[in-house]
Amino acid sequence: GNMKLGIIGSGMIVKDFLSFAHELPEIKLEAITARNIENLKDLQSKYNIKNIYTDTDLCLENKEIDTIYVAVPNNLHYTVAKKALEAGKNVICEKPFTLKYDEAVELFGIAEDKGLILIEAITNQYQKNYLDIKDNIDNIGEIRLVECNFSQLSSRYEAFKNGVIAPVFDKSKGGGVLGDLNIYNIHFVVGLFGKPGKVHYAPNIVNDVDTSGILLLEYDNFKVVCIAAKDTFNNSYVNIQGDQGIIKVIGPTNEVPNYSIKTKDNFIDENKNIHSHRMFAEFKKFVEVINNKDFKFMNNQKEHTLNVMYIYEKAKKFIEN
């Protein structure tokens with residue numbers, strides 16, 4: 001079966017998705033919705049998208065569309081996803097899923113009532129390298145410390161310091177590094193270890209927004225630090241330290257471009273990702289989940305998403321203070 005997809009949003013992540021969508025012929029690009037008509041016309045001709053809309057409601061009235069990809073600014077995820085579910089569409093929603101835990105719970109409730117698939121677009125959970133790490137985590141003994149760092153200097157940071165505020169740095173749009181880059185670290189950790197006990201966040205604040213920060217997650221027998229920055233030079237890696245070995249990733253947690261496992265008798269260094277584009281594996285899986293109405297898979301991911309949302313909400317309280 002084919003997925004008949006309507007895309008809402010036209011930012012960088014959408015352009016990223018469109019760059020490889022032709023390699024997933026099971027996805028039919030039915031429509032794209034955004035405000036700027038010129039931009040839409042460009043994307044329509046470049047990627048052969050059937051319909052363009054400047055009005056979300058009109059897009060959702062299109063009977064051909066069975067699935068909506070929500071890729072609008074963070075503060076609009078909840079309202080757009082809710083409208084799409086109420087219109088009877090399956091929903092793939094970008095990260096951070098919503099800005100509030102309760103909004104996420106509500107959306108899953110609507111999806112369940114209507115028998116629809118609702119799933120978060122989160123690249124690392126679907127990368128083969130990540131799934132391999134999950135399968136091999138027992139080989140490094142008892143985990144004691146985990147360190148994730150995703151730091152990437154934003155091209156918009158200089159302008160932001162001077163008061164020119166892009167959505168990603170806009171407090172009113174759910175901006176800030178916690179929900180932008182650190183969210184990938186949180187997903188990486190929660191996918192392996194589930195929900196932590198204590199959550200503590202120490203942000204660096206510029207113009208009311210966290211541009212970098214250190215998140216501490218306390219689990220019973222081990223501690224995790226998630227570091228992210230949009231205001232420093234690039235530096236991304238993961239270290240998972242056990243008493244029998246260490247698992248390392250060199251590179252950002254949205255891609256998980258490789259992994260190595262070192263124990264006293266063994267060293268392996270791998271890259272098993274199925275495609276060079278970080279978003280390919282997730283969308284391949286989404287087609288399968290939606291085609292098969294795989295609610296079991298959706299429920300596992302729901303629990304995962306809610307655990308991430310729990311951390312995100314707790315951590316955000318430290319920004320306000």
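This is a predicted model: local features need pLDDT of at least 70, side-chain atom pairs count only at pLDDT 80 or more; totals for chains, interfaces and linings use all residues.
Trainee: How many bridges do E2 and E3 have?

Mentor: Three, in the parallel sense. Look at Ile32: its bridge partner in E3 is Ile52.

Trainee: Now H5. How many residues does it have?

Mentor: H5 has 14 residues. From its first C-alpha to its last it reaches 21 Å, close to the 20 Å expected at 1.5 Å a residue.

Trainee: Which residues of H5 are buried?

Mentor: Glu103, Ala104, Leu107, Phe108, Ile110 and Ala111. They cover an arc of only 155° around the axis, so they sit on the same side of H5.

Trainee: Why would residues a few places apart point the same way?

Mentor: An α-helix has 3.6 residues a turn, so residues three or four places apart point the same way.

Trainee: What covers the buried residues of H5?

Mentor: The cover includes H4, strand E6 (118-121) and helix H10 (295-320).

Trainee: And on the other side of H5, which residues are exposed?

Mentor: Asp102 and Asp113 are exposed there.

Trainee: What follows H5?

Mentor: Gly115 does, and its phi is positive, near 65°.

Trainee: New topic: charges. How many salt bridges are in the whole structure?

Mentor: A search finds 15. In general, side chains of opposite charge can pair when their charged atoms come close.

Trainee: Which residue forms a salt bridge with Lys82?

Mentor: Glu106 does, and the closest N and O atoms are 2.8 Å apart. Lys82 lies in helix H4 (residues 77-86) and Glu106 in helix H5 (residues 101-114), so the pair ties together parts that are 24 residues apart in sequence.

Trainee: Are those two buried or partly exposed?

Mentor: Partly exposed, in both cases. Lys82 has 23% relative accessibility. For Glu106 the relative accessible area is 31%.

Trainee: What about Lys95? Which residue forms a salt bridge with it?

Mentor: Asp180, with the closest N and O atoms 3.8 Å apart. This pair links distant parts of the chain, 85 residues apart. Lys95 is in the loop between strand E5 (90-94) and H5, and Asp180 is in helix H8 (residues 177-193).

Trainee: Why do Lys95 and Asp180 count as buried?

Mentor: The cut-off is under 20% relative accessible area. Lys95 has 10% relative accessibility, so it counts as buried. Asp180 has 15%, so Asp180 counts as buried too.

Trainee: Which residues are linked with them in a network?

Mentor: Lys230 joins Lys95 and Asp180 in a network of salt bridges.

Trainee: One more. Where does Glu26 sit, and where is Lys284?

Mentor: Glu26 forms a salt bridge with Lys284, and their closest N and O atoms are 3.7 Å apart. Glu26 is in the loop between helix H1 (12-21) and strand E2 (27-33), while Lys284 is in helix H9 (residues 280-291). That pair is 258 residues apart. Lys284 counts as partly exposed, at 38% relative accessibility.

Key
Residues are numbered from 1 along each chain as its sequence is written. Side-chain values use heavy atoms; hydrogens and water are left out. A salt bridge is a side-chain nitrogen of Lys or Arg within 4 Å of a carboxyl oxygen of Asp or Glu. Helices (H or I, at least four residues) and strands (E, at least two) are DSSP runs, numbered from the N terminus. Buried means under 20% relative accessible area, exposed over 50%, partly exposed in between (1.4 Å probe, protein chains only). The expected span of a helix is 1.5 Å times one less than its number of residues. The arc is that of the directions from the helix axis to the C-beta atoms. Contact means heavy atoms within 4.5 Å. Two strands pair if DSSP finds at least two bridges between them.
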